[in-house]
Amino acid sequence: MLDAIPNNVNLDSDKRLQRALMQWQPDFLNWWREVGPEGFQQDRIYLRTAIGVGEGGWAHYDYVKMPDYRWGIFLGKPRKEEAIYFGDNIGGAFWDQVPGEFRKELRRLIVTQGDTEPASVEAQRLLGQSAPSLIDLRNLFQVNVEEARHLWAMVYLLHSYFGANGREEADEMLERRSGHPDRPRILQAFNKPIDDWLAFFCFTMFTDRDGKYQLASLAESSFDPLARTTSFMLQEEAFHLSVGERGVARTIRRTAQLMEQGTPPESVGAIPLPVIQKYINEWCSASYDLFGGEDSSNAANYFAAGLKGRFKESDGKLNPDHRALEGAYTAEVFEDGRWQTREIPLRRAMNACLLDAYVEDCNRGLNRWNGILDSHHLTERLSLPSTRFNRRVGIFADRPYDIAGNPMEPAELESKRAEWMPSQADYELVRASMVPVYEPGKMANWIAPPDKGVGGKPVDSEYVLFH
Ligand SMILES: [Fe+2]
Ligand SMILES: [Fe+2]
């Protein structure tokens, strides 16, 4: 069975890893059957499968049944740097094994990342039943099988480098469940239900994008197998983010077309712009928390030890000072009735630096969305919530801030909530729009068609062959 696992980690010659994976694989498949996509398991889906790391080898398109997808284990190409390039150990050799003194931290980082992968599959399991088109259905399943492969990627590290503890952690990855009251997934945003396609697109735009930034910072790690595993994952992650950004863009385009012609979107089963804005507020702010506290001793330790770098740490222009022992990150916090400046020593502020890079990235997507409104001659504009808004983690969690980041009284919060966050009525309106459309080339009425197809096929192809 194991020769069915495409890999470039010498699985053939590693008997110990083979044995571990042989035990884990049936449990993984049970997990997939139990909480993977509901239905469609016997249908043939036009999927991209990674079959190698060479040029184009990681992106091979074919019709496959999801349970037959070849979940593989891949390391990205060797890095061009030859030695550790940030933190306290600059100049030392990259680690091929886990150093004893960082075992606990590395395990924690890998488990936390790994846990998010199956969580998103679980949260998205019912969406196939309300897919707005065949190409969207196919994209959903592409994301799902790749998140499951990312679980494989992290489990590979746990099995290979963390002994009995690693095997235990790998088993527990299949036991926790997104949103479960007793054994939830580790990070809160990954326990949020994803009940409709606008939520799915916002999740892949905003929450998966946190994943991109976490993976990018791990791709700088001095622990070489982790760096190369995550750098390969980033290639797949890029597709998920494009599903999100383009999905929201197509939703906006449809709404804008209707607004331009004077038709209220909700009157024809499309989604009003203010509701789209509230979904953006909800998912974007929940994703801010995933970066962790702005002032964090854990973050400082990870950086000092060389476990986790900044975004593009190796880029000397972006990050000229790889020790980060000097300088500070400043943040304005409202405390004791006035704004106060917090100076956070740079190493302790690594989460805040990563969040800033993330917000910049989100803003590029937002500008493209606003360009769509502009092209339909509308003056309305969408925005991102302030990084102070709706926080449960970090220096802004102690008191409420409004959507623009101004302090507000806790008593005002409830009355303002419906202005900024989706209400029950908003969710119901969106859900009522979510009628499944499974005819090639046809779209549900709330979403515009994509401008191009996938894997060399036109938009109106039969991306799913129903059995
Ligand atoms: Fe992932
Ligand atoms: Fe993803």
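A residue is called buried if 20 or more other C-beta atoms lie within 10 Å of its own, exposed if 12 or fewer do, and partly exposed in between. In this predicted model, Glu82 has 10 C-beta neighbours inside 10 Å and therefore counts as exposed. Glu82 belongs to the loop between β2 (60–65) and α2 (103–123).

| Pair | Separation in sequence | C-alpha to C-alpha distance |
|---|---|---|
| Glu82 and Phe232 | 150 residues | 19 Å |
| Ala164 and Thr255 | 91 residues | 53 Å |

**The chain as a whole**

The protein chain contains 11 helices and 5 strands, and its C-alpha trace spans about 65 × 65 × 45 Å along the principal axes. A compact globule of 467 residues would have a radius of gyration near 23 Å, and because the protein chain has 22 Å, the two values agree. Of the 467 residues in the protein chain, 46% are buried. When contacts between residues at least 6 apart in sequence are considered, 70% of them join residues at least 24 apart.

In soluble globular proteins, nonpolar side chains tend to be buried together. Here the largest nonpolar core has 116 residues, and within this core Val155 and Cys202 touch the most other members. Helix α3 (residues 134–161) gives the most to this core, contributing 16 residues. If neighbours within four places in sequence are left aside, the contacts of Cys202 are with Gly244, Val248, Tyr279, Ile280 and Trp283.

Which way does α3 run relative to α6? The axes of α3 and helix α6 (residues 224–260) come within 10 Å and cross at roughly 170 degrees. Since angles over 145 degrees count as roughly antiparallel, α3 is therefore roughly antiparallel to α6. On the α3 side the contact is made by Asn139, Gln142, Val143, Glu146, His150, Ala153, Leu157 and Tyr161, while α6 supplies Pro225, Leu226, Thr229, Met233, Glu236, Phe239, His240 and Val243. Sorted by type, the residues of this contact between α3 and α6 comprise 9 nonpolar, 5 polar and 2 charged.

Note on methods:
Residues are numbered from 1 along each chain as its sequence is written. Chains are lettered from A and ligands numbered from 1 in the order in which they are written. This is a predicted model: local features need pLDDT of at least 70, side-chain atom pairs count only at pLDDT 80 or more; totals for chains, interfaces and linings use all residues. Helices (H or I, at least four residues) and strands (E, at least two) are DSSP runs, numbered from the N terminus. The radius of gyration is taken over C-alpha atoms; the globule rule is 2.2 Å times the number of residues to the power 0.38. Two residues are in contact if their C-beta atoms, placed from the backbone, lie within 7 Å. A nonpolar core is a set of buried Ala, Val, Leu, Ile, Met, Phe, Trp, Tyr and Cys residues joined through C-beta atoms within 7 Å. Axes are lines fitted to C-alpha atoms, for helices over the stretch in contact, and angles run from 0 to 180 degrees between N-to-C directions. Angles under 35 degrees count as roughly parallel, over 145 as roughly antiparallel, 65 to 115 as roughly perpendicular and the rest as oblique. Ala, Val, Leu, Ile, Met, Phe, Trp, Tyr, Cys and Pro count as nonpolar, Asp, Glu, Lys and Arg as charged, and the others, Gly among them, as polar.
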